[in-house]
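Me: I'm new to reading protein structures, so please take me through this one slowly. Start with a term I'll need later on.

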Amino acid sequence: MCKGTQQFVHRYCLDHWRSVKEGTAFSHCTTCKAQFHLRVECLEDNLCRKMMFRLFVARDVFLVFLAVQTVIAAIGGMAYLLDKDGQFRNSFSDGWEHILSNHPVPFYYCVGVVVFFVMVGFIGLIVQCSSFNTNDPCLAGCRNCCYGWGILDFPASIEACLALAVIFVIVFAILGVAYGFFAATVAVQRILQRHYHILTKRELTKEYVVEDLRGCYTPPKMDPEQEQRLRTLQLIMVAF
């Protein structure tokens with residue numbers, strides 16, 4: 001039904017568009033909105049699809065993990081540059097931390113991990129507080145908490161300030177671990193849903209094959225059972 005060069009399309013390209021595009025692209029042309037004539041073919045369970053699903057999920061999870069490790073490595077590298085003389089690292093040589101302080105790479109990596117989770121905790125807390133409604137009592141509690149910290153008389157001694165800074169780091173690091181676990185869970189679920197959805201539609205393009213009408217288009221008539229199945233999967237328009 002399309003005119004010009006868009007009247008012709010490779011079947012592989014057509015099936016690819018049908019599997020990756022949302023909406024009614026599975027059963028309708030995205031340009032002229034004409035409904036496809038779908039021929040139903042029965043397929044056996046495809047082991048290759050399951051393997052591809054696991055492979056794509058593992059790839060995306062690895063890329064997310066690699067991105068996190070890159071950020072941690074960058075933070076650790078910055079800490080190393082700021083501590084070229086090793087004064088900060090050597091300050092941990094008296095206790096059990098001397099195991100790490102004797103080896104620069106794992107020490108600064110651990111510094112990067114701690115700073116990363118502190119940043120995640122701090123950003124996550126800001127995002128959560130900003131998501132509250134202005135009239136929400138929880139937000140009022142956050143404001144009172146922040147106001148209380150603002151008027152608090154901080155201790156004058158360096159030791160007390162360092163102890164307070166350590167407490168802040170521990171609290172935000174714990175929050176960062178919690179927010180990080182939540183974000184990782186959501187990300188894995190999104191990855192699973194995305195690939196399952198796309199690969200399922202890719203297999204359905206082989207089961208519901210678009211017929212080549214060779215220029216003679218007539219409105220299609222589909223088996224009611226198959227049509228209901230596609231409606232349930234939200235792959236075909238619902239007639240009003």
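Reply: Let's begin with accessibility: a residue is buried under 20% relative accessible area, exposed over 50%, and partly exposed in between, using a 1.4 Å probe and protein chains only. You're looking at a predicted model, where local features need pLDDT of at least 70, side-chain atom pairs count only at pLDDT 80 or more, and totals for chains, interfaces and linings use all residues. Residues are numbered from 1 along each chain as its sequence is written, and side-chain values use heavy atoms, with hydrogens and water left out.

Me: Why is F168 called partly exposed?

Reply: Its relative accessibility is 32%. That value falls between the 20% and 50% limits, so "partly exposed" is the label.

Me: What is the secondary structure of the chain made of?

Reply: Eight helices and two strands. In sequence order they run α-β-α-α-α-α-α-α-β-α. These are DSSP runs numbered from the N terminus: H or I of at least four residues for helices, E of at least two for strands.

Me: How many aromatic pairs does a search of the whole structure find?

Reply: Six. One of them joins F26 and Y208, with 6.3 Å centre to centre and 75° between the planes. This pair bridges distant parts of the chain: F26 is in the loop between α1 (11-20) and β1 (38-40), while Y208 is in strand β2 (residues 208-210), 182 residues apart.

Me: And why is the pair of F26 and Y208 called edge-to-face?

Reply: A pair of aromatic rings is described by the distance of the centres and the angle of the planes. Rings of Phe, Tyr and Trp (its six-membered ring) pair if their centres lie within 6.5 Å; planes under 30 degrees apart are stacked, over 60 edge-to-face, and the rest tilted. For F26 and Y208, 6.3 Å is within the distance limit and 75° is over 60, so the pair is edge-to-face.

Me: How do you know whether F26 and Y208 are buried or exposed?

Reply: F26 has 0% relative accessibility, so it counts as buried. Y208 also comes out at 0%, so it is buried too.

Me: What does L125 touch, leaving out residues up to four places away in sequence?

Reply: F172, L175 and Y179. Touching, or contact, means heavy atoms within 4.5 Å. L125 belongs to helix α5 (residues 104-130), and its C-alpha atom is 8.8 Å from that of F172, 47 residues away along the chain. At 31%, L125 is partly exposed.

Me: What makes you say R18 lies over the face of F26?

Reply: R18 is 4.4 Å from the ring centre. A charge sits over a ring if NZ of Lys or CZ of Arg is within 6 Å of the ring centre and within 35 degrees of the ring normal. The 4.4 Å value is within 6 Å, so R18 meets the distance limit. K21 likewise lies over the face of W17, at 5.7 Å from the ring centre.

Me: Which side chain makes a polar contact with the side chain of R18?

Reply: That of D15, at 3.0 Å. A polar contact is a pair of N or O atoms within 3.5 Å; within protein, one must be able to donate a hydrogen and the other to accept it, and residues adjacent in sequence count only if both atoms are side-chain atoms. The R18 side chain also reaches the backbone oxygen of F26 at 2.8 Å. R18 is in helix α1 and is buried, at 1%. Beyond its neighbours within four places in sequence, its contacts include K201, T205 and Y208.

Me: Where does UniProt place the "transmembrane region" feature?

Reply: The unreviewed entry puts it at residues 61-82, 107-127 and 162-188. In the model, residues 107-127 are 100% helix, with end C-alpha atoms 30 Å apart. Residues 162-188 are also 100% helix, with ends 38 Å apart. UniProt positions use the numbering here, feature names are shortened, and annotations may be inferred rather than shown by experiment.
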